[in-house]
Amino acid sequence: MLTPHRKKPAVAALLGCALLAAPVTAHATATAETPTRASAAAAVGLDDPAKKEIAMKIVSSAENSSLDWKAQYKYIEDIGDGRGYTAGIIGFCSGTGDMLDLVEHYTEIKPGNVLAKYLPALREVDGTDSHAGLDPDFTRDWAKAAQDSAFRKAQDHERDRVYFNPAVRQGKADGVGVLGQFIYYDAIVMHGDGTDSTSFRSIRGRALSKAEPPSQGGSETTWLNAFLDARVWAMKQEEAHSDTSRVDTAQRVFLGKGNLNLNTPLDWKVYGDSFHIG
């Protein structure tokens, strides 16, 4: 389904969608950790509402150059990355399946909505960058749909089902805290969880060849650095992702400060822009 996402390094917008994103299954079962770490992980995770809000803002800083992630429900454009239209709060793409899944879910909860008539076209263009059957009115109707609370809830649902919840589950299984779960979430947002060499599960597999997660007795900091090393390698395999500042001047900054719980205040940069959460 989805993969890269939106962001504007310098002048050009490099948005995208996660390729072949499928729900992540836990590849490791959490084993014994120290009681302190285990109880801390159980007490607070990225799924804590306050932490989740922070996660949405940090991802939006990279995807949209803004902390206002709720303003992105109406977003839609073709950024010329071969994935057709990219849209919404997580960069759902007409060419990678997740936009189709979203509109199908929206139509299940609200039959006859303004986007339902595009379902045949979305099925036809899946896997391509074609706009056949979508132009000229699809972008206008997407913006209209974004005024509907049911459509906004549908976007939230698909974001959580395909990206956020799987990342948190895998993070907890690996014994990492809030920052580690966020690092996983940002990776699956950009890379999806398909079978290709740059997918989330492949990134995690590459990291496993270098370090062990806390659930296997490894150091959390060492493990997350290994994961980020693998993530940077994956990003550099595609030109649209080759600017790795969302790792280098954001996630590495939090990790370097030992802020494994993503406690505020937070200061970081993405593509040269500075951001702050107090």
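This note goes through the strands, the salt bridges and a charged surface patch of the structure, point by point.

1. Basis of the comments. The model is predicted, so that local features are taken into account at pLDDT of at least 70 and side-chain atom pairs at pLDDT 80 or more, while totals for chains, interfaces and linings use all residues. Residues are numbered from 1 along each chain as its sequence is written, and side-chain values use heavy atoms, with hydrogens and water left out.

2. K269 stands opposite S274 of β7. Two residues lie between the strands of this hairpin, in which Y271 adopts a positive phi near 50 degrees.

3. Buried stands for under 20% relative accessible area, exposed for over 50%, and partly exposed for what lies in between, with a 1.4 Å probe and protein chains only.

4. Three-stranded sheet. An open sheet is formed by three strands in the order β3-β4-β5, with antiparallel pairing. Because β3 (76-78) and β5 (92-93) stand at the edges with a single partner strand each, one side of each is left without a neighbour in the sheet. Strand β4 (residues 85-87) pairs with β5 over two bridges, and the bridge partner of A87 in β5 is F92.

5. The structure holds 20 salt bridges, each being a side-chain nitrogen of Lys or Arg within 4 Å of a carboxyl oxygen of Asp or Glu. One of them joins D186 and R246, whose closest N and O atoms are 2.6 Å apart. This pair links distant parts of the chain, since D186 belongs to helix α7 (residues 178-191) and R246 to helix α10 (residues 245-256), 60 residues apart. Both D186 and R246 are buried.

6. Other salt bridges. R201 forms a salt bridge with D193, with 2.6 Å between the closest N and O atoms; R201 is partly exposed at 31% relative accessible area, whereas D193 is buried at 2%. In the pair of R140 and D137 the closest N and O atoms are 3.8 Å apart, and D137 counts as partly exposed at 31% relative accessibility. A network of salt bridges links K117, D137, R140, D141 and K144.

7. A histidine of helix α7. H191 lies in helix α7 and is buried, with a relative accessible area of 3%. The C-alpha atoms of H191 and H241 are separated by 9.7 Å, and the two residues are 50 residues apart along the chain.

8. Negative surface patch. E77, D78, D129 and D135 gather in a patch of negative charge on the surface, where a patch of this kind takes residues with over 30% relative accessible area and no salt bridge, like charges being joined within 9 Å. D135 is placed in the loop between α4 (119-125) and α5 (138-145) and is partly exposed, with a relative accessible area of 42%.

Notes. Patch = residues over 30% accessible without salt bridge, like charges linked within 9 Å, V, L, I, M, F, W, Y side chains within 5 Å. Areas by Shrake-Rupley, 256 points an atom, 1.4 Å probe, with all protein chains shown as cover. Lys, Arg positive; Asp, Glu negative; His and termini not counted. Charge placed at Lys NZ, Arg CZ, Asp CG, Glu CD. Helix = DSSP H or I, 4+ residues; strand = E, 2+ residues; numbered from the N terminus. Pairing = 2+ DSSP bridges.
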